[in-house]
Amino acid sequence: MSVVPSTTDDLPAVAKEVEQFVDAAGWDQPPQLFALVATAELMKMQPELADQLDPASTLTPIAQDSLPDGDLGEALAGIMWPDAVQGCALVQEIVVLPPEAEAEVDDAEDEEHLRQLVAEHPDRQEARLVAAVLRNGGEACVMRLRNHDDLVTSPDLAPNLTAALHATFS
């Protein structure tokens with residue numbers, strides 16, 4: 001099997017590629033999961049895909065079946081990847097609030113109240129978040145606000161989500 005470098009140098013580019021793929025289908029989509037496989041290994045195993053793959057890419061994202069409805073954390077907890085999968089990426093649409101709004105939502109009594117506060121907040125923005133992790137520990141996140149073309153890139157955008165994705169390799 002090909003060895004994927006232990007650095008996260010290529011992972012942000014893969015996360016951007018996944019976001020662009022999902023963006024082509026527009027907004028209002030359910031969460032989507034992608035396996036990240038070594039491109040060289042994929043080309044060896046399935047040479048008929050050679051004209052569809054970028055041989056310069058270390059990793060190739062492969063869309064997975066739809067995630068079950070319900071709690072995303074529970075769905076992720078039930079995933080175990082085969083050895084050929086070097087990483088994974090999850091795309092989901094989220095609502096973000098400005099930092100000054102955190103104090104308002106920190107007072108929520110329960111999850112339902114929190115959802116209501118966020119949904120009704122005048123400064124909320126819809127966004128698409130991609131969190132990607134490697135089996136060996138690397139991680140990357142990109143986020144696109146619904147009304148902006150720019151991508152925000154930082155491995156620290158979704159620490160709980162990247163931890164849950166890492167757990168799929170345990």
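Q: What counts as a cavity, and which residues line the largest cavity of this predicted model?
A: A cavity is a set of grid points where a 1.4 Å probe fits but cannot get out, and its lining residues have an atom within 4 Å of a point. In this predicted model, the structure holds one cavity of 30 Å³ or more. The lining of the largest cavity is made up of Val-22, Gln-29, Pro-30, Pro-31, Gln-32, Val-91, Gln-92, Glu-93 and Arg-128.

Q: Which element gives the most to the lining of the largest cavity?
A: By class, this lining divides into four nonpolar, three polar and two charged residues. Val-91, Gln-92 and Glu-93 are among the lining residues. With three residues, the element that gives the most is β3.

Q: Which elements each supply at least two residues of the lining of the largest pocket?
A: The largest pocket has a volume of about 980 Å³. Its lining has 22 residues, and those nearest the centre are Gln-92, Glu-93, Ile-94, Val-95 and Leu-114. At least two residues each come from α3, β3, α5 (111-120) and α6.

Q: How many residues in the lining of the largest pocket are nonpolar?
A: The lining of the largest pocket consists of 22 residues. Of these, three are polar and four are charged. The nonpolar count is 15.

Q: Why are the buried residues of α6 on the same side of the helix, and which residues are exposed on the other side?
A: In α6 (residues 159-167), the buried residues are Leu-161, Thr-162 and Leu-165. They are on the same side of α6 because they cover an arc of only 95 degrees around the axis. What covers them includes β1 (32-38), α3 (72-77), β3 (85-96), β4 (125-134) and β5. The exposed residues on the other side are Pro-159 and Asn-160.

Q: Is Arg-144 buried or exposed?
A: Arg-144 is located in strand β5 (residues 139-145). The cut-off for a buried residue is under 20% relative accessible area. Because its relative accessibility is 10%, Arg-144 counts as buried.

Q: Which residue has its side chain joined to that of Arg-144 by a polar contact of 2.7 Å?
A: Beyond its neighbours within four places in sequence, Arg-144 is in contact with residues including Glu-19, Asp-23, Glu-126, Asp-149 and Asp-150. The side-chain polar contact of 2.7 Å joins Arg-144 to Glu-19.

Key: Residues are numbered from 1 along each chain as its sequence is written. This is a predicted model: local features need pLDDT of at least 70, side-chain atom pairs count only at pLDDT 80 or more; totals for chains, interfaces and linings use all residues. Side-chain values use heavy atoms; hydrogens and water are left out. Helices (H or I, at least four residues) and strands (E, at least two) are DSSP runs, numbered from the N terminus. Buried means under 20% relative accessible area, exposed over 50%, partly exposed in between (1.4 Å probe, protein chains only). A polar contact is a pair of N or O atoms within 3.5 Å; within protein, one must be able to donate a hydrogen and the other to accept it, and residues adjacent in sequence count only if both atoms are side-chain atoms. Contact means heavy atoms within 4.5 Å. The arc is that of the directions from the helix axis to the C-beta atoms. On a 1 Å grid over the protein atoms alone, a cavity is a set of points where a 1.4 Å probe fits but cannot get out, and a pocket is an open set with protein on both sides within 12 Å along at least five of seven lines; lining residues have an atom within 4 Å of a point. Grid points are joined across faces, edges and corners, and a volume is the space filled by probe spheres set on the points. Ala, Val, Leu, Ile, Met, Phe, Trp, Tyr, Cys and Pro count as nonpolar, Asp, Glu, Lys and Arg as charged, and the others, Gly among them, as polar.
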